[in-house]
Amino acid sequence: MPEEEKHIPKAEGDAPPPYGSSEESVEKQTKLARIHTACRNGDLDTIAALALSKDGLLDDDVRKKVWPLFLGYAEFKHDEIILQKPERPDWESMPAHGDEEQVRLDVERSFVYYPQNMSPRETNDRKRDLSRVINEVLRRHPKLCYFQGFHDICQVFLLVLGAEGASLATEHIALLRIRDFMLPSLAPALDHLHLLYPVLLSADRELCLHLSRTKPFFALAATLTLYAHDIQEYSNIARLFDVFLATDPVFPIYLFAQVVVQRRDELFDIPDDEPEMLHSILSKLPKPLDLEGLISKALVLLNTYPPEKLSTWNHISPYSVLKTSRRTGSFLNNKATVNKNLSAAERLLVKHAAHVERRRKYKEIQDQLIKYRPQIIKVGITVLVGVSAVALGVYLSKQEPSEWTGWGMFNAVLKTLRLS
């Protein structure tokens, strides 16, 4: 498909523009210079490492250049970053998606915490743009299923990248990073949650055992929305997205595990036989949030206890983004991060949905067998007795009464059962 290339202004050869006020630290100025140099050199590995380090990418001007690289719809050409925008039909002429009414309801509840000091007109304009971004992605990819909280993720992209950039970013993150959450079933999202306790067991066995009576559903809202539903400060959620886009799709689970570990003392104050109380506390992020400390320690958790070593990793579908977009080692040399084909991602979505349905039916059959096990055993015994009686009748009809023996009758029954 032909592509229209949109150029992002390249970094200048001299010093980068100043970061914030004149009082800003030399450390931040140095980091900005390193980011601009890495952009000029096309060094995505270095950019990713800087995004993971303290304070991330520092400001939205940098994010506008770098996030598209992480998501795969921009590339380096010489010392420029080029957005790749395919020529496609106008999305507004496409059939409406079945979830658009829910989108409308959720968008009405958006922009609560940030930006601040917007006029009613500005707020309505933002909501209109947000609705258009979400509906465009859903109409272009009708197999995606909207989930409540997806608008929180899209809101972050809209504020950082603007309306046009947000559409491309949302499309790519939906299919390549959070596809498991946009299936007809919630089961794949719950599969993500079932990785949480194995991480905790590795990091803090005593704490994990203390929480063992509490289901991990307390982490659903945060991980499902990439924390955009729970974090109320714009600078914090933008910084957190630097990490999510620069690292592995499984990282939100490790981040939540670290949140739990850092609340250790608080959690041990609550008896382990009060799962409702534990759930209530864990379902809300602590305040204030030591974001930089959580990020750095969660990255250590990910490197120390990679998902392949977790006991529940084998339960993750081979079509899950956790496996198809799994990244280890070099950013550029990793096949999962280089191959950003949206059509391939859509095919994986279909296969994953079918895999989930097969698992559901298998589980349903298992549950029925367990539920009716006594009746099944009774029926089995009845059939066995009936077949044995037939076998015995056949044997007796072929023998003279004087030849009737217990051993002969037993052999006749066995022979008939083998034939059946």
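These exercises walk through one predicted model, each with a worked solution.

Residues are numbered from 1 along each chain as its sequence is written, and side-chain values use heavy atoms, with hydrogens and water left out. In this predicted model, local features need pLDDT of at least 70 and side-chain atom pairs count only at pLDDT 80 or more, while totals for chains, interfaces and linings use all residues.

**Exercise 1. Describe the chain as a whole.**

Start with the elements: the chain has 20 helices and three strands. Helices (H or I, at least four residues) and strands (E, at least two) are DSSP runs, numbered from the N terminus. Next, take burial. Of the 420 residues, 45% are buried. Buried means under 20% relative accessible area, exposed over 50%, and partly exposed in between (1.4 Å probe, protein chains only).

**Exercise 2. Work out how helix 2 and helix 3 are arranged.**

Two packed helices are described by the angle between their axes and the distance between the axes. Helix 2 covers residues 44–52 and helix 3 covers residues 60–71. Their axes come within 11 Å and cross at roughly 110°. Axes are lines fitted to C-alpha atoms, for helices over the stretch in contact, and angles run from 0 to 180 degrees between N-to-C directions. Now classify the angle. Angles under 35 degrees count as roughly parallel, over 145 as roughly antiparallel, 65 to 115 as roughly perpendicular and the rest as oblique. Helix 2 and helix 3 are therefore roughly perpendicular.

Then list the contact (heavy atoms within 4.5 Å). Helix 2 supplies Leu-44, Ile-47, Ala-48 and Ala-51, and helix 3 supplies Val-66, Leu-69 and Phe-70.

**Exercise 3. Find the largest nonpolar core and follow one of its residues.**

A nonpolar core is a set of buried Ala, Val, Leu, Ile, Met, Phe, Trp, Tyr and Cys residues joined through side-chain atoms within 4.5 Å. The largest has 108 residues. Helix 6 (residues 150–176) gives the largest share, 16 residues. Trp-67 is among the residues with the most contacts inside the core. Leaving out residues up to four places away in sequence, Trp-67 touches residues including Leu-57, Phe-157, Phe-241 and Asp-242.
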